[in-house]
Amino acid sequence: MDVKSTKNFVFWLFCQFELITCSYLMEPWEKVLFYSFNICMVGMLFYTTYVCVAAHVGTALQFLWNLLGNQQENAVSVVK
């Protein structure tokens, strides 16, 4: 894809967004508030996802590490 077609595709997506949300009918100050709210919500969603996924992955890895570590210790103690 070249830059011109990418630019046209992004513009087309924005037009679709405006049609779906009916924001093309809003006044400019309403659009600023509406888009600001949407950007804040998406930002908080990404931040929360980043924090929660990192915490969950850390907990899961710690659980697996302990689980695998205990299996090795149990195998060694059984052999002795």
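Modeller: Rings of Phe, Tyr and Trp count as a pair if their centres lie within 6.5 Å. In this predicted model, pairs of that kind link Phe14, Phe17, Phe34 and Tyr35 into a cluster.

Biologist: How many aromatic pairs are there by this rule?

Modeller: The count is five. One of them joins phenylalanine 17 and phenylalanine 34.

Biologist: What makes phenylalanine 17 and phenylalanine 34 an aromatic pair, and why is it called stacked?

Modeller: Two values are needed, since a pair of aromatic rings is described by the distance of the centres and the angle of the planes. The ring centres of phenylalanine 17 and phenylalanine 34 are 6.4 Å apart, and the limit is 6.5 Å, so the two rings pair. Their planes stand at 25 degrees to each other; planes under 30 degrees apart count as stacked, and therefore this pair does.

Biologist: Which parts of the chain does that pair tie together?

Modeller: Phenylalanine 17 belongs to helix α1 and phenylalanine 34 to helix α2, so the pair ties together parts 17 residues apart in sequence.

Biologist: How many salt bridges does the structure hold, and what makes a contact one?

Modeller: There is one. Side chains of opposite charge can pair when their charged atoms come close. The rule asks for a side-chain nitrogen of Lys or Arg within 4 Å of a carboxyl oxygen of Asp or Glu. Between glutamate 18 and lysine 31 the closest N and O atoms are 3.3 Å apart, which is within that limit, so the pair is a salt bridge. Glutamate 18 lies in helix α1 (residues 3-21) and lysine 31 in helix α2 (residues 28-79), so this bridge ties together parts 13 residues apart in sequence.

Biologist: Is glutamate 18 buried or exposed, and what is the class of lysine 31?

Modeller: Glutamate 18, at 13%, is under the 20% cut-off and is therefore buried. Lysine 31, at 22%, counts as partly exposed.

Biologist: Which residues does glutamate 18 touch, beyond those up to four places away in sequence?

Modeller: Glutamate 18 touches Ser23, Tyr24, Lys31 and Tyr35. Serine 23 sits in the loop between α1 and α2, and is buried, with a relative accessible area of 0%.

Biologist: What makes the link between serine 23 and tyrosine 35 a polar contact?

Modeller: Their side chains are joined at 3.2 Å, and the limit for such N or O atoms is 3.5 Å, so the distance qualifies. Beyond residues up to four places away in sequence, serine 23 touches Glu18, Lys31, Phe34 and Tyr35.

Biologist: Where does UniProt place the transmembrane region?

Modeller: An unreviewed UniProt entry gives residues 32-53; such annotations may be inferred rather than shown by experiment. In the model that span is 100% helix and 0% strand, with its end C-alpha atoms 31 Å apart.

Technical notes. Residues numbered from 1 in each chain as written. Predicted model: local features only at pLDDT ≥ 70, side-chain atom pairs only at ≥ 80, totals over all residues. Heavy atoms only, no water. Helix = DSSP H or I, 4+ residues; strand = E, 2+ residues; numbered from the N terminus. Buried < 20%, exposed > 50% of the residue type's maximum accessible area, 1.4 Å probe, protein only. Phe/Tyr/Trp six-rings, centres within 6.5 Å; stacked < 30°, edge-to-face > 60°. Contact = heavy atoms within 4.5 Å. Polar contact = N/O pair within 3.5 Å; in protein donor to acceptor, adjacent residues only side chain to side chain.
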